[in-house]
Amino acid sequence: MEKVQILWADDEIDLLKPHIMFLENKGYQVTTATNGRDAVDLVKAQQYDIVFLDENMPGLNGLETLVQIKNIRSSVPVVMITKNEEEAIMEEAIGGKIADYLIKPVNPNQILLSLKKNLEDKRLISERTSQGYQQEFRQIGMSMSDRLSWSEWVDVYKKLVFWEIELEQTKDPGMYDILTMQKSEANQLFSKFVESNYLSWLKDPDKAPLLSHHLLRKKALPLADQYEEPVFFLLIDNLRYDQWKVIQPAIQELFKVVEEDTYCSILPTATQYARNAIFSGMMPSEIQKRFPDKWVGDDEEEGKNNYEEFFLADQLQRLRKTYKYSYTKITNLEAGKTLAEQVPNLFRNKFNVIVYNFVDMLSHARTDMQVIKELAEDEKAYRSITRSWFEHSPLLETLRKIAEKPARLIITTDHGTIRVKEPSKIVGDRNTNTNLRYKLGKNLNYEKKDVLEIRNPSDAFLPRVNVSTAYVFVKGDKFFAYPNNFNYYVNFYRNTFQHGGISPEEMIIPVITLQSKG
């Protein structure tokens, strides 16, 4: 392993020989200079890992030397060492992008600590993170082997997301691979859990987790009833829990997180079903029965979410909520900018619903466009592109304006999404829907071990197209593929992000309650 190369510039370098010997005994290679000009020449000639720079040198002083070094090699960390504790000197050095600031006299351990902080912090953090996951790996595995409740499954999923985000920062691909395998195991066991419990939840809501059609009534509207300030209900479509975690820091600069909760998306975990259930307060078959002209079947060309505002108004009326409310759907950049400008007007309402379509469009674009596939090739990249979009979107400006005044905010979504990896063969007639994670139709032929099958749609409060309609939901990270052109189909859709089926990513949905700091 190559030694770390240190350049130390100080006009009294002879007095620092004990420090230099200490570092060399620790395995570091130290080059010295007695003035700023020589230090700049050495930086031009050789690549150093770090530079220690005396602030008070004759001729070219430390701050002037710092500027020239940074002009030559902007990425090299520079540690300023000085006798001067004046605030102006410190501020000027910090403005010059120093990596650390030490006050003379320094002892060898201070130097060593600065080296580790600036050169080895990533390695140390990586090692500590890997050790932390190793310690929790067994505990997570043992807990998954128990008969878990919904809340316990939520805890397991949150732990896996936490370690996934932590481990992606490390240089330990082996540990990340172990986590990926544990996530796959969790998906399989969670699918069995849902298969065993989902229909009973629908029969007995008192024993069920919070479901899509109860979200407004039990989570959002009570805030509007309880507090005088306006309540904003922001639904960012297709936002997974891990994507919430990467945009959370930007939001917490504006809002205080009051509660980080979850709810369970109904099946299918698809916009047509889950989001319509949220705004109507009803399950899909109940919507179809109450508003037969408003329910659009999978096989129909019409948009599947054209009546959200209508469903919202009906639910509020049924619940006898008479306060002023608004509904806004954002589907493009210009509409997002307009919304940001109209925030002051929204404060006249007690309850404001904002539906923001971006993440869902990203997942569909990723399936259809090669350039997006390359930009978001895995979960890490998918999170990164979500964070980048959010930090540069009109939505963040909208939230800034909401945060300026007293307000309550709920951030949630309608369903999540999962990166699909393995095909599951299915055969259906030409009227079978096209979704890769769930199918409905008659005479479906499929791998039973891969799916949750609902032979009687009314058991799951799902619309029945005809007397022999059945629904099947694929489990884990599988996706449905037809035998015709099987290899082409599999290669095209493998590693794309899909939704509609059964997985923690699709069903465990973040619902975050926040309070503005304004």
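Biologist: Which residues line the second largest cavity?

Modeller: Y157, V161, E164, K183, R240, D242 and E505 line the second largest cavity. A cavity here is a set of points, on a 1 Å grid over the protein atoms alone, where a 1.4 Å probe fits but cannot get out, and lining residues have an atom within 4 Å of a point. This is a predicted model, in which local features need pLDDT of at least 70 and side-chain atom pairs count only at pLDDT 80 or more, while totals for chains, interfaces and linings use all residues. Residues are numbered from 1 along each chain as its sequence is written, and side-chain values use heavy atoms, with hydrogens and water left out.

Biologist: How much space lies in the second largest cavity?

Modeller: About 40 Å³. Volume is the space filled by probe spheres set on the points, with grid points joined across faces, edges and corners.

Biologist: What classes does the lining of the second largest cavity have?

Modeller: Two residues are nonpolar, none is polar and five are charged. Ala, Val, Leu, Ile, Met, Phe, Trp, Tyr, Cys and Pro count as nonpolar, Asp, Glu, Lys and Arg as charged, and the others, Gly among them, as polar.

Biologist: Changing topic: which residues have the most contacts inside the largest nonpolar core?

Modeller: F233, F279, F351 and L399, in a core of 105 residues. Such a core is a set of buried Ala, Val, Leu, Ile, Met, Phe, Trp, Tyr and Cys residues joined through side-chain atoms within 4.5 Å, where buried means under 20% relative accessible area with a 1.4 Å probe, protein chains only.

Biologist: What is F279 in contact with?

Modeller: Leaving aside neighbours within four places in sequence, the contacts of F279 (heavy atoms within 4.5 Å) include F233, E308 and V353.

Biologist: Is helix α11 mostly covered or exposed?

Modeller: Mostly covered: 10 of the 10 residues of α11 (271-280) are buried, F279 among them. G281 follows α11 and has a positive phi, near 70°.

Terms used:
On a 1 Å grid over the protein atoms alone, a cavity is a set of points where a 1.4 Å probe fits but cannot get out, and a pocket is an open set with protein on both sides within 12 Å along at least five of seven lines; lining residues have an atom within 4 Å of a point. Buried means under 20% relative accessible area, exposed over 50%, partly exposed in between (1.4 Å probe, protein chains only). Helices (H or I, at least four residues) and strands (E, at least two) are DSSP runs, numbered from the N terminus.
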